[in-house]
Number of protein chains: 2
Amino acid sequence: MNNNSVFINKLRSSGLRPTKQRIKICKLLFDRKNTFHFTINHLNNILKNKYVEKISLATVYNTVHAFKKMGYLKEISINSDKSYYDTNVTNHHHFFDENKRELIDLDDKDVGKINIKKVLPGKKINSIEVLVKIANNN
Amino acid sequence: MNNNSVFINKLRSSGLRPTKQRIKICKLLFDRKNTFHFTINHLNNILKNKYVEKISLATVYNTVHAFKKMGYLKEISINSDKSYYDTNVTNHHHFFDENKRELIDLDDKDVGKINIKKVLPGKKINSIEVLVKIANNN
DNA sequence: GATGTAAATTATAATGATTCTAAACTAGAG
DNA sequence: CTCTAGTTTAGAATCATTATAATTTACATC
Ligand SMILES: [Mn+2]
Ligand SMILES: [Mn+2]
Ligand SMILES: [Zn+2]
Ligand SMILES: [Zn+2]
């Protein structure tokens, strides 16, 4: 159970002022055991339910972008409808449940090492990610 | 070099009327040797340059959706800005060049077999795709 | 603790991709 | 040729996201 000072330090150390909005969002995103995958809309709804004082949607966007820029969040592209964000900022793989429309992390050991044999001159590999789309049986 | 009757048959056989708009788009998309990756905007621009008679943007969307539904096109999700479409409708992997912002097909042999070890009860795997983000060196 | 200033928040407008609507047009069956 | 369902179309609507510009806040300096 993190307390606010952890988040205040985290924000300060990366040049972000610890405002009450950012701290609330930090608590919501990072004060948990498991990876959290969410959309802006999802996050915004949770914030509306959890706190009386509203955080403007623009601030939710701004904050998520700031956290992404600082490497606290990672953006995942599943479809072009909306962006998904991930509190697991490492390079990793996903199941995407097409019925629940939600992401599930895959461990590297669930996928195995991927070795790309093709090389393009002048280009370097930035990331290798596997997306496994799953759906209900039958 | 396909002639129109190939496309007319293709459309007919899947219950789509061969209109002049659909035939033009077929020629543009499928009368080529290599896989074509495109966005709606990209396709629309090519059509505007290639033909004097304009095809309305709504028709371009309608047609691409119809082709996707019929399995002539595949949608690829790279980011949430816009959708990419692919004339290679098989399950396959991609490079995404972050500088040119374009997709490049990877052969299965460039990636190797991917064996997902994790199983979720009640769920089946629909597709497994690898996205390798690349960018200019240095 | 008061003051000044840059950073942040906010409501609202703008943007841009996509989808919807409803009227006009057309393919093709009969 | 006629009729009708399918298609195209311009334009409006929608929705996620970004921009704007005024207000508020954090916090360094006094
Ligand atoms: Mn989609
Ligand atoms: Mn993006
Ligand atoms: Zn994840
Ligand atoms: Zn492809």
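Visitor: How many bridges join strand β6 of chain A to β6(B), and which way do the strands run?

Guide: Some ground rules: this is a predicted model, where local features need pLDDT of at least 70, side-chain atom pairs count only at pLDDT 80 or more, and totals for chains, interfaces and linings use all residues. Residues are numbered from 1 along each chain as its sequence is written, chains are lettered from A and ligands numbered from 1 in the order in which they are written, and side-chain values use heavy atoms, with hydrogens and water left out. Strands here are DSSP E runs of at least two residues and helices are H or I runs of at least four, numbered from the N terminus, and two strands pair if DSSP finds at least two bridges between them. For β6 of chain A (residues 123–136) and β6(B), the strands run antiparallel and the number of bridges is 13.

Visitor: What is the area buried between chain B and chain A?

Guide: The size of an interface is often given as the accessible area lost when the parts come together. Here that loss is taken with a 1.4 Å probe and summed over both parts. In contact terms (heavy atoms within 4.5 Å), 40 residues of chain B meet 40 residues of chain A. Carbon and sulfur atoms give 49% of the buried area, which is about 3,300 Å².

Visitor: Which residue forms a salt bridge with A:D97?

Guide: A salt bridge is a side-chain nitrogen of Lys or Arg within 4 Å of a carboxyl oxygen of Asp or Glu. Between chain B and chain A the count is two. In one of them, with the closest N and O atoms 2.7 Å apart, A:D97 is joined by B:K123.

Visitor: Which element gives the most residues to the side of chain B that touches chain A?

Guide: The elements giving two or more residues are β4 (93–97), β5 (102–106), α5 (108–111) and β6 (123–136) of chain B. With 14 residues, the one that gives the most is β6(B).

Visitor: What is the phi of B:R101?

Guide: Most residues other than glycine have a negative phi, and most peptide bonds are trans. β4(B) and β5(B) pair in the antiparallel sense over five bridges, and B:R101 sits in the turn of their hairpin, which has four residues between the strands. Although B:R101 is not a glycine, its phi is positive, at about 55°.

Visitor: Is A:N79 buried or exposed?

Guide: A:N79 is in the loop between β2 (74–76) and β3 (84–86) of chain A. Not counting residues up to four places away in sequence, A:N79 touches A:R101, B:S77 and B:S80. Buried means under 20% relative accessible area, exposed over 50% and partly exposed in between (1.4 Å probe, protein chains only). A:N79 has 14% relative accessibility, so A:N79 counts as buried.

Visitor: How far apart in space are A:Y51 and A:K24?

Guide: A:Y51 lies in the loop between α3 (40–50) and α4 (57–69) of chain A. Leaving aside neighbours within four places in sequence, A:Y51 is in contact with A:K24 and A:L28. A:Y51 and A:K24 are 27 residues apart in sequence, while their C-alpha to C-alpha distance is 8.8 Å.

Conventions
Buried area = accessible area lost by both parts, 1.4 Å probe.
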